Amino acid sequence: MAEKAKIRFLSGMRPAGDIHLKHLMVLNEWIGLRRNFECVFGIYNCLALSTARPDMIWQQTLNLFKVWLIGGLDPEQDIIFAQSLVPEHAQMFHLLCQAVPLNVLQKGIVYKKKLADGEPSAPPVHRHTFR
């Protein structure tokens, strides 16, 4: 009898600065999810364009990838990708921007937090797309 397929778990991080304890705590949680989920982890380096120095993003992407490997993520068990190397990511973003009304995006938790933290009342369009 065929083994039941695992549910897919998707998560990731932006490479927008130094690695700190919170990153390692999340990494530890991710490793524990492997038993029950097919895990997909993304380094969202295109999203980092809004918060990091553009000339440092690729180096920070590589550094985060190294930390993930050292911390226990395994490309043999997990799917690991860098957002900028997957053109379909940007294509899907474009399609979703055409289909999702702005008022739906404004309900996003990250968007609301950014406003509460004092970001401008008219942030860049990409801020609306964090859900």
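Me: Two strands count as paired if DSSP finds at least two bridges between them. What makes S2 and S3 a pair in this predicted model?

Reply: Set the count against the cut-off: four bridges join S2, residues 37-43, to S3, residues 79-82. At least two are needed, so S2 and S3 pair. The two strands run parallel. If you want to look at particular spots, Gly42 stands opposite Phe81 in S3, and Phe41 has Ile80 as its bridge partner in S3.

Me: And how do you know that S1 and S2 pair?

Reply: By the bridges again: seven of them join S1 to S2. The rule asks for at least two, so this is a pair as well. These strands also run parallel. Arg8 has Glu38 as its bridge partner in S2, while Gly12 stands opposite Gly42 in S2.

Me: Why are S1 and S3 called edge strands?

Reply: Start with the whole sheet: it is open, has three strands in the order S1-S2-S3, and its pairing is parallel. S1 (7-13) and S3 each pair on one side only, and that is what makes them the edges. From one strand to the next, the twist averages 20°. Helix H1, residues 21-33, packs on this sheet and touches S1 and S2, with its direction at about 165° to that of S1. Helix H2 lies across S1, S2 and S3 and runs at about 150° to S2.

Me: What are the β-α-β units made of?

Reply: S1, H1 and S2 make one right-handed unit. S2, H2 (residues 57-71) and S3 make another right-handed one.

Me: What makes a crossover right-handed?

Reply: Picture the strands pointing away from you: the path from the first strand over the helix to the second has to run clockwise. The unit of S1, H1 and S2 is right-handed, so its path over H1 runs clockwise in that view.

Me: Now the rings. How many aromatic pairs are there?

Reply: Ring centres must lie within 6.5 Å to pair, and by this rule the count comes to six aromatic pairs.

Me: Why is the pair of Trp30 and Phe41 called stacked?

Reply: The centres are 4.4 Å apart and the planes make 20°.

Me: What is the pair of Trp30 and Trp68 called, and why?

Reply: Here the centres lie 5.3 Å apart and the planes stand at 85°, so the pair is edge-to-face. The cut-off for that name is over 60 degrees. Trp30 sits in helix H1 and Trp68 in helix H2, 38 residues apart, so to follow the DSSP runs, this pair links distant parts of the chain. Trp30 and Trp68 are both buried. Phe9, Trp30, Phe37, Phe41 and Trp68 form one aromatic cluster.

Me: Which residues form the largest nonpolar core?

Reply: There are nine: Met13, Leu27, Trp30, Cys39, Phe41, Ile43, Leu64, Trp68 and Leu73. H1, S2 and H2 each supply at least two residues of this core. S2 gives the largest share, three residues. In soluble globular proteins, nonpolar side chains tend to be buried together.

Me: What does Ile43 touch, leaving out residues up to four places away in sequence?

Reply: Its contacts include Met13, Leu64 and Trp68, along with Pro15, Thr61, Phe65, Phe81, Ala82 and Gln83.

Me: Why is S2 described as largely enclosed?

Reply: Five of its seven residues are buried, so the rest of the structure largely encloses S2. Buried means under 20% relative accessible area. Over the protein's 131 residues, buried ones make up 25%.

Key
Residues numbered from 1 in each chain as written. Predicted model: local features only at pLDDT ≥ 70, side-chain atom pairs only at ≥ 80, totals over all residues. Heavy atoms only, no water. Axes fitted to C-alpha atoms, helices over the stretch in contact; angles between N-to-C directions. Contact = heavy atoms within 4.5 Å. Phe/Tyr/Trp six-rings, centres within 6.5 Å; stacked < 30°, edge-to-face > 60°. Buried < 20%, exposed > 50% of the residue type's maximum accessible area, 1.4 Å probe, protein only. Core = buried A, V, L, I, M, F, W, Y, C linked by side-chain atoms within 4.5 Å.
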